[in-house]
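Biologist: Before we discuss this chain, please show me the model, and then I will ask about its overall layout and one residue.

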Amino acid sequence: MDALSGSAATGAAIKADCYGLGVDTCLPVLRDAGAAGFFVAHWSEVPGALAYVPGEKIAVLHGPLHDADCSFARATGAVPVINSLEQARRWTSSGGGPCHLMVDTGINRLGIAPGEAGDPSIAALEVDVLMSHLASADEDSDRNAQQSRRFAEIAQSLPHKRTSLANSAGIALDEGFHHDLTRPGLSLYGGIARAELGSRIRQVAFPQAAILQTRQLGTGDAVGYNGEFVAPSPTPTAIVSLGYADGFLRGWGGAYLIHEGRKLPLLGKVSMDMVVVDLSAAPELAEGDWLDLPYYLPDAARLSGLSQYEALTVLGRRFRR
Ligand SMILES: *Cc1c(COP(=O)(O)O)cnc(C)c1O
């Protein structure tokens, strides 16, 4: 992602435990790869990151909602992203200091409105990174150019050290979106937000689950809760240690697990801790053998109906990171 970011420095979104893949696993790798800064959503995510990087490198996207957040920022060095006039006043009255500032240029989520840029509470801030967030970077939409234009305008009227606009998909748009600092998240973890990234991004997470038991279904035998699958003929099956408590949600019903390239269709409902697969394509498999989940993320999204983001962040704690 850094190579694709041109002359911009590249940060890393590490919120949601590095999109479910684990701060302890991912953050040292991102740090050693030279990531220029790290973005979390919640203050509660700061301590986990502090084990690997100094507070000054950690930005908290949700900003200070309470005075306690300001004290916590000072104690840890973590840098708040200011998202509203209220947050600007709170930060300044708690003592101020360097912060980042989010401006809303069209996503209508967090950030001050461009019309609020002249407010005295904003003028009082010591803004390091002035940032905005793209709503439709994964599409070829006029909104991208429009947000880019609005961001450039506001950057002229507001003192700051650096500017930042692009998420993973935004990096693939064009260099006009790169500014001083890019903020990829999804693509660091194997997600492909735009077709242009398909040849540059590899799968990162390779979840596997073990076979607990094998059994032979006779014609007419029904599998699992509500007996949704009824064997039309004798069928070898495997009961697999994988379920919705692991983030393998019911939307995966009808998909398959994989063993050495062979697809093993899921039979019946996904249970909390188990699924059943058809072993016809791999009848030699036995208790303890490992199966792969189809977790190349564009495929995973298609098969499950989840977004690539969801497919990553729902992965349960029982998977070893
Ligand atoms: C999550 C997030 C990112 C990263 O977005 P991806 O689409 O995962 O690359 C960047 N900036 C902000 C403000 C975010 O909330």
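Biologist: How many helices and strands does the secondary structure of the protein chain come to?
Modeller: This is a predicted model. Its C-alpha trace spans about 75 × 40 × 35 Å along the principal axes. Within the protein chain, the secondary structure comes to 10 helices and 17 strands.

Biologist: How far apart do the centres of the positive and negative side chains lie?
Modeller: The protein chain carries 26 positive side chains and 35 negative ones. The centres of these two sets are separated by 1 Å.

Biologist: Is S187 buried or exposed?
Modeller: S187 sits in the loop between β9 (181-182) and β10 (208-217). Its relative accessibility is 4%. Because buried means under 20%, S187 at 4% counts as buried.

Biologist: Which backbone oxygen does the side chain of S187 reach?
Modeller: A polar contact requires a pair of N or O atoms within 3.5 Å. The side chain of S187 makes its approach at 3.1 Å, and the backbone oxygen it reaches belongs to G191.

Biologist: Which residues does S187 touch, not counting those up to four places away in sequence?
Modeller: Touching here means heavy atoms within 4.5 Å. With residues up to four places away left out, S187 touches M1, S168, L197 and I201.

Notes
Residues are numbered from 1 along each chain as its sequence is written. This is a predicted model: local features need pLDDT of at least 70, side-chain atom pairs count only at pLDDT 80 or more; totals for chains, interfaces and linings use all residues. Side-chain values use heavy atoms; hydrogens and water are left out. Helices (H or I, at least four residues) and strands (E, at least two) are DSSP runs, numbered from the N terminus. Lys and Arg count as positive and Asp and Glu as negative; His and the chain ends are not counted. The place of a charge is taken as NZ of Lys, CZ of Arg, CG of Asp or CD of Glu. Buried means under 20% relative accessible area, exposed over 50%, partly exposed in between (1.4 Å probe, protein chains only). A polar contact is a pair of N or O atoms within 3.5 Å; within protein, one must be able to donate a hydrogen and the other to accept it, and residues adjacent in sequence count only if both atoms are side-chain atoms.
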